[in-house]
Amino acid sequence: MKALSRLLSLTLISGLLCSVSLLAETPRETIAKAALNEDSAKKREIITTLVGQGDEVIKTLMDDWKADKLFIHTTAAGEKVVVRLQDDKDDAGTQSAVRVDDGATLKDASGSPLRLVAKEQKAVEHDRGLRNAMKAVLDLLDLSSPDAKKRIQAVETLGAAQNAEKLPALEARAKVEQDPEVLRELKEAAALINLKNSSDDVKVAALKDLKELHAFSSYDLIKATLKEAETASKAPVVSAAKDALAAIDSHRTFVDFFGTIFRGISTGSILLIAALGLAITFGLMGVINMAHGEMIAVGAYTTYIVQNIFGAGVTIPLFGLSLAIPGMHATGAWYNSYFLFAIPASFFTAALVGIALERGIIQFLYRRPLESLLATWGVSLLLQQVFRLTFGANNVQVGSPSWLSGNWTISDIIFNWNRVFVIGFAIFIVFGTYLVLTKTSLGLLMRAVMQNRNMAACMGIRTSRVNMLTFGFGSGLAGLAGAFLSQITNTGPSLGQSYIVECFMTVVVGGVGNIAGTVTSAVGIGMADQSIQQILLNPVMGKILVLVGIILFLQWRPAGIFVTRSRSLD
Amino acid sequence: MSMSLVGNNFFNKRRTIEFAAVGIIGVLMVVVLPLLNSLNLMSNFWLGVIGKYLCYAILAISVDMLWGYMGLLSLGQALFFSLGGYMLGMYLMRMIGGETMPTFLNMQGYTDWPWFFGPFTSFPFAMLMVLIVPGIVALVFGFLAFRSRIKGVYFSILTQALTYAAALQFFRNDMLMGGNNGFTDFKFILGHDIRSADTQRILYIITGVVLIGIYGMCRWLNGTKFGLVQRAIRDSENRVLFSGYAAAHYKLFIFVLSAVVAAIGGALYVAQVQIINPAEMQVDKSLDAVVWVAVGGRGTLLGPIIGAISVNALKSWATNVFPDAWLIILGGLFVLVVLFMPKGIVGLPAQLMGVWKRYQAKRPAADETPVSLPETSTTESSASSPAK
């Protein structure tokens with residue numbers, strides 16, 4: 001106990017000392033001092049004191065030093081100053097000079113900036129020994145970087161190199177490190193370096209550490225150690241290495257399992273968002289809308305346009321005319337919020353296109369589903385070509401807002417934010433659809449018309465208007481799907497085509513006209529797709545097997561998971 | 001009774017007109033055009049293009065046998081068409097000869113032909129496979145589909161999924177069927193240079209004769225009692241079931257038959273176009289064939305032929321003159337035909353006659369457009385089944 005507290009206080013004191021010395025001399029000053037020193041051994045010594053400091057300026061200055069861009073300038077007063085020449089040369093060949101020790105512009109006696117000619121100045125010398133010392137500083141530079149990601153990267157590189165010389169630096173860092181993730185990496189890197197240790201006891205201890213950490217990145221190095229120990233027949237090391245490998249393997253199984261479930265749910269959510277609109281137009285209304293995929297594309301292109309309105313604007317070549325949409329040149333959080341505006345915009349644009357489609361074509365084809373299939377296929381071809389003519393045949397660039405690109409890593413399982421978002425989004429949409437269908441008067445009318453169109457008409461419901469709004473609602477949901485898909489996949493003229501088959505399958509498997517069935521089947525198909533991919537490591541085969549599975553499933557339940565019971569015959 | 005019904009129908013005026021039309025077109029296609037070609041009055045290119053149209057016409061007839069006469073809209077006919085093509089393609093690949101394996105096998109590490117290519121050195125075997133492989137696929141799928149009484153739009157969606165899955169599979173290189181590029185660079189068929197004008201002319205004539213033969217066979221089948229039951233199933237399957245017919249057997253037979261017909265068309269197509277790849281078996285190709293039937297007039301046998309030839313001729317013209325607008329023209333055509341010409345080109349004279357008669361009957365108040373003709377087939381009514 002006493003020893004521990006003494007150790008603690010020692011660490012504290014040394015930490016304090018360290019910060020005091022930092023206050024005393026900035027890296028800039030240290031480098032300037034080294035540059036002014038005449039003796040090359042002294043230079044090395046001064047440079048080495050920079051080890052463990054994480055200031056970015058160290059790298060810049062050292063690189064310039066090595067590139068002969070640092071000069072010793074003697075001022076009028078006879079004072080020697082180390083300067084860095086920067087900016088382009090002007091006609092006289094002069095460049096502006098910056099003092100290395102404080103980063104300020106070099107000024108003459110009258111206080112106006114001095115411009116120097118590189119050739120007239122004496123470049124700061126460097127020899128091999130000095131360059132090596134600089135490299136040692138730079139290698140460990142990122143270890144003290146204020147950015148935790150950079151620190152992790154540096155620690156990983158050091159661990160993978162297994163260079164025992166770097167061990168003290170890692171241990172020193174471990175003492176002051178606050179971030180738990182970096183600490184973990186430090187522990188792993190130290191253990192990896194210890195694997196090279198000649199003592200078996202150290203090796204076994206390192207393997208025990210690695211077993212506890214069960215990090216995937218150490219797998220290959222442990223394997224190498226195991227092989228080495230096997231040839232040297234060192235039983236304790238072999239068993240420790242095997243333990244560590246087994247721990248990593250079981251951890252991998254765990255991560256894969258939950259990763260698959262997570263990806264399955266998010267794939268299912270994508271399918272669900274795309275299929276929900278179809279569940280309404282096909283399931284409730286009985287209209288085979290082959291142009292449903294194009295409604296998705298309408299949503300995606302709307303997102304693209306909204307994004308450009310927030311950004312630099314866009315010019316659309318609309319049938320020979322060019323339609324310029326000015327941009328707001330928004331930046332930062334305001335630009336990133338474009339997606340929040342794109343979501344309702346996609347819904348309403350797709351809903352409007354859907355309503356136009358219903359008024360123009362589909363209203364004549366109720367009760368003739370095969371004809372509605374044909375006519376909407378024609379519309380689908382037509383719209384795809386219109387997309388091609390307006391937005392080009394190639395994919396357009398839709399950037400994700402920063403709050404959708406990133407991930408959480410919980411115990412090595414990666415949760416991408418956009419996948420988490422899609423799950424939340426799907427729940428939100430399903431819940432919203434449920435509310436619209438059950439709690440609004442439009443929903444009541446919709447259900448009445450879909451159950452018995454003639455009876456509803458007799459009761460005075462304007463069925464054609466309800467049809468129009470229902471179709472618009474279904475198409476709007478497709479537009480929402482498009483807004484979302486634009487974030488995770490390419491936005492191009494055939495975006496919708498790649499989803500239409502799966503959407504129909506989802507609705508059919510779920511049981512036509514049943515929203516709960518659509519939810520179940522979407523999540524089920526998404527999970528099946530991801531697990532088969534995980535097992536076969538082959539996405540195409542996974543898709544094929546899912547389709548075959550669906551065909552076989554329909555043998556068992558021809559009407560889908562949830563059967564809508566009815567006594568009608570034809 | 002049914003026989004007399006058939007007999008009375010057989011020599012009516014419409015039928016005579018149709019036979020005359022088919023006869024004239026047949027002679028023109030099979031005799032006059034090849035003759036012009038051999039006299040150098042018609043280019044090889046154009047004969048090849050028309051040969052391609054004739055293959056498409058065979059595909060269209062297979063769609064119509066299912067859709068027009070049975071009420072089953074199959075979106076998988078392009079699959080059977082290309083399966084037939086692939087089977088002949090396997091023979092043609094073996095006939096290329098030479099020491100080296102084709103690239104798609106080399107890339108998979110094969111130094112010898114895989115086992116299933118083995119018997120394809122025999123032309124009769126390949127011909128048999130053209131009929132059998134698509135037939136078996138159709139038999140298995142049809143058995144599963146009709147057993148669980150999948151019909152109407154569900155049948156369409158499932159055949160679409162089947163085609164989609166097959167195309168994905170054929171796009172894969174380890175399927176060993178040429179992957180993305182498919183089969184091409186053919187050299188010999190039955191010892192003749194497949195690229196020579198003479199061979200191509202003979203293949204053209206065979207295509208024409210086969211098309212007329214298939215037309216004749218379907219015409220005959222529709223005239224029999226089988227054909228009557230087939231149409232009865234289209235109009236009301238339940239009544240046919242209640243009358244004691246096993247509707248599923250009829251459906252399965254026609255489904256397999258039309259798959260085989262489509263496959264024959266595909267084999268002839270590959271022999272003339274000399275390339276087959278998975279792009280031919282995608283869902284939109286199936287839907288193209290459906291367009292031809294709809295435009296020509298479904299439920300007739302002449303309609304699909306006229307539709308396939310005219311839509312493809314329109315396509316050849318439009319993709320040259322307005323390459324950007326072709327899909328818009330096709331899509332628009334589709335919508336217009338469905339809305340305003342439910343009986344297609346073949347039904348147009350009767351439709352115009354009807355409009356004319358109505359105009360004559362009530363002279364001033366003739367502003368009613370024939371948007372929704374009440375007598376258009378109501379094959380499917382699952383849409384009206386009440387939702388929960």
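Helices (H or I, at least four residues) and strands (E, at least two) are taken here as DSSP runs, numbered from the N terminus. This is a predicted model, where local features need pLDDT of at least 70, side-chain atom pairs count only at pLDDT 80 or more, and totals for chains, interfaces and linings use all residues. Residues are numbered from 1 along each chain as its sequence is written.

**View 1. The loop at B:D185.** B:D185 sits in the loop of chain B between β1 (183–184) and β2 (188–189). Its phi is near 65 degrees, a positive value in a residue other than glycine. For context, most residues other than glycine have a negative phi. Is B:D185 buried or exposed? With a relative accessible area of 55%, B:D185 is exposed (buried is under 20%, exposed over 50%, partly exposed in between, using a 1.4 Å probe and protein chains only).

**View 2. The loop at B:Q274.** Here's another non-glycine with a positive phi: B:Q274, at about 65 degrees. This residue lies in the loop between α11 (247–273) and β4 (275–276) of chain B. B:Q274 counts as buried, at 16% relative accessibility.

**View 3. Where chain B meets chain A.** The contact (heavy atoms within 4.5 Å) draws 53 residues from chain B and 51 residues from chain A. Which three residues supply more of the area that chain B buries against chain A than any other three? They are B:I157, B:Y164 and B:V338, with 11% of that area. Between the two chains, about 4,900 Å² is buried, and carbon and sulfur atoms give 72% of it. Buried area here is the accessible area (1.4 Å probe) that two parts lose on being put together, summed over both.

**View 4. Chain B as a whole.** Chain B has 15 helices and four strands. Its radius of gyration is 22 Å, close to the 21 Å that the globule rule gives for 388 residues, so chain B is as compact as a globular protein of that length. The radius is taken over C-alpha atoms, and the rule is 2.2 Å times the number of residues to the power 0.38. Along its principal axes, the C-alpha trace spans about 75 × 55 × 45 Å. Of the 388 residues of chain B, 53% count as buried. Among contacts in chain B with a separation of 6 or more, 77% come from residues 24 or more positions apart.

Note on methods. Chains are lettered from A and ligands numbered from 1 in the order in which they are written. Side-chain values use heavy atoms; hydrogens and water are left out.
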